[in-house]
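Open the model in your viewer and keep the selection tool ready.

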Amino acid sequence: PHEPYYVTQEDFAIYQDLEIQPWPSFTNSKAVENKMHTLVQRPEQNWEFFANNLRHYYAAITGIDRQIGRLMAYLKENGLYDDSYVIFCADHGDSQGCHNGMENKSGHMYNETTKIPLMIKPPKGVTHTVTEQLASTVDIYASILDAAGYDETDWQAGHSLLPLLKEPGKSVRDYVVCECVSAFPLIGMQRMYRSGDFKYVFNCGGSDELYDQKADPCELHNLVNDSAYRSQLQELQQGLAAAMY
């Protein structure tokens, strides 16, 4: 879902009385990591503002689910479901109050915007498996070409995710890169590099960030200036530089 959240009364009725607790990163502090984040921060709003946004957001998801259900029903009714790949993904997440009241889709590289849904149903797929392996939206392109019988030399970009359907624990890539040039009149280039348990964020015009995703899944502690993590920081910076060529 994307703002503005125009939803049906039927869908909203499901969530209009839902109590939603603040995210762990929504604290009483108004501090943000760098100036870039202030572009999307709403310090004048309390948690209820974001909770109400989320009720509409959830209602929009319910509306999307209904439409996907219509498509799945059509495939089944016409004998196409068992022969079809179905790939569902989003292009980005949404802030909705994370990290002291940020709103919108841009201005930061926290998991709220970069860790997005990705589901693949293969032909005759009936089992459900979940993997924590890294994946990128460019891998969808490679996966479709792989399913169509093209050779890896024809993909040009990305890695096929189809091996994960057979071996969910098997890694197909060592890192992912996300990039943004801001959704505002101000150019604020950002690059994110995730490898293993660590995420590095380069902010052009603001302080950089480093997070240990395993020890700090809510990304509350920026380690970029912590000398104990200097080697991890340098490794990720070098990895990002190499990936940009």
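**Aromatic pairs**

Select Tyr 211: its relative accessible area is 1%, so the residue is buried (under 20%; exposed is over 50%, partly exposed in between, with a 1.4 Å probe and protein chains only). The model is predicted, so local features need pLDDT of at least 70 and side-chain atom pairs pLDDT 80 or more, while totals for chains, interfaces and linings use all residues. Numbering runs from 1 along each chain as its sequence is written, and side-chain values use heavy atoms, without hydrogens or water.

Eleven aromatic pairs are counted. The rule takes rings of Phe, Tyr and Trp (its six-membered ring) with centres within 6.5 Å; planes under 30 degrees apart are stacked, over 60 edge-to-face, the rest tilted.

Show Phe 49 with Phe 50. This pair is edge-to-face, at 5.1 Å centre to centre and 85° between the planes. Phe 49 is partly exposed, at 23% relative accessibility. Phe 50 is buried, at 0%.

Helices (H or I, at least four residues) and strands (E, at least two) are DSSP runs, numbered from the N terminus. Tyr 110 is buried at 2% relative accessibility.

Next, select Trp 23, Phe 26, Trp 47, Phe 49 and Phe 50. Ring pairs join them into a cluster.

**Lysines over a ring**

Center on Tyr 81. Lys 76 lies over the ring face, 4.7 Å from its centre. Lys 121 also lies over the face of Tyr 81, at 4.4 Å. The test wants NZ of Lys or CZ of Arg within 6 Å of the ring centre and within 35 degrees of the ring normal.

**His 99**

Go to helix H3 (residues 98–101), where His 99 is found. His 99 is buried, because its relative accessibility is 7%. Beyond its neighbours within four places in sequence, its contacts (heavy atoms within 4.5 Å) include Tyr 110, Glu 112 and Cys 218. The His 99 side chain reaches the backbone oxygen of Cys 218 at 3.4 Å.

**Last stop**

Which helix gives the most to the lining of the second largest pocket? Helix H2 (residues 47–77) does, with three residues. Among the lining residues are Trp 23, Tyr 57, Glu 112 and Cys 218.

Methods. A polar contact is a pair of N or O atoms within 3.5 Å; within protein, one must be able to donate a hydrogen and the other to accept it, and residues adjacent in sequence count only if both atoms are side-chain atoms. On a 1 Å grid over the protein atoms alone, a cavity is a set of points where a 1.4 Å probe fits but cannot get out, and a pocket is an open set with protein on both sides within 12 Å along at least five of seven lines; lining residues have an atom within 4 Å of a point.
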